[in-house]
Amino acid sequence: MNNFSVDDLDLTLLDALQTDAAQPLSALAARCGVSTPTVLRRVRRLQAAGLIERRVAILQPERVAALLGQGLTAIVEIGLERQGDEHLRAFEARAVAEPAVQQCYRVSAGPDFVLVVATRNMADYHSLVQRLFTDQGNVRHVKAYFSVRRSKFDPRLPLPRPK
């Protein structure tokens with residue numbers, strides 16, 4: 001990856017794919033002013049370089065909750081009793097393996113970790129707390145903030161504008 005670089009076409013493609021990864025290659029080609037085979041080659045190159053990690057569908061939580069039952073999102077601060085590298089790695093590995101954990105950040109100046117978790121309801125959240133925080137003897141502090149409304153969610157990364 002040391003010799004890898006991106007140009008304006010790559011940036012345009014990355015931006016377009018962050019907005020809608022399901023759009024046809026022909027639509028991407030028209031947007032970029034290049035041929036469909038060129039777009040296909042570029043997208044494959046960006047994937048091979050690891051810039052495109054994966055393509056996913058982003059579900060609308062309120063509509064899913066209306067069909068399957070109420071959802072619960074929490075932002076949780078975790079402080080560990082022991083903060084040696086092996087303890088931090090052990091907690092991080094457990095958190096990342098937990099399906100309810102959507103995002104896991106190791107942070108500084110405050111808690112050791114901040115997690116974004118999604119469960120179906122409070123009972124499922126309590127089960128998560130038991131598995132991930134209580135049964136594990138190294139968690140010293142847990143502070144949860146429960147979402148009452150999501151105002152914005154955008155997984156896109158800011159990219160420089162093509163010249």
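Predicted model: local features only at pLDDT ≥ 70, side-chain atom pairs only at ≥ 80, totals over all residues.
Residues are numbered from 1 along each chain as its sequence is written, and side-chain values use heavy atoms, with hydrogens and water left out.

**Salt bridges**

A search of the whole structure finds 10 salt bridges. The term denotes a side-chain nitrogen of Lys or Arg within 4 Å of a carboxyl oxygen of Asp or Glu. The table lists some of these pairs.

| Pair | N to O distance |
|---|---|
| Arg42 and Asp10 | 2.9 Å |
| Arg89 and Asp85 | 2.6 Å |
| Arg106 and Asp85 | 3.8 Å |

The salt bridge between Arg42 and Asp10 links distant parts of the chain: Arg42 lies in helix H3 (residues 36-48) and Asp10 in helix H1 (residues 8-19), 32 residues apart. Here helices are DSSP runs of H or I with at least four residues, and strands are runs of E with at least two, numbered from the N terminus. Asp10 is buried, at 1% relative accessibility. In this report, buried means under 20% relative accessible area, exposed means over 50%, and partly exposed lies in between (1.4 Å probe, protein chains only). Both residues also belong to a network of salt bridges that links Asp7, Asp10, Arg42 and Arg45.

Asp85 forms salt bridges with Arg89 and with Arg106. By contrast, Arg89 and Asp85 are separated by about one helical turn because they stand four residues apart in helix H5 (residues 85-97). Arg89 is exposed at 53% relative accessibility, whereas Asp85 is partly exposed at 40% and Arg106 is partly exposed at 36%.

**A nonpolar surface patch**

Leu59, Val64, Leu67 and Leu68 make a nonpolar surface patch of about 440 Å². Patches consist of residues with over 30% relative accessible area and no salt bridge; like charges are joined within 9 Å, and nonpolar side chains (Val, Leu, Ile, Met, Phe, Trp, Tyr) within 5 Å. Accessible areas come from the Shrake-Rupley method with a 1.4 Å probe, and for residues only the protein chains shown count as cover.
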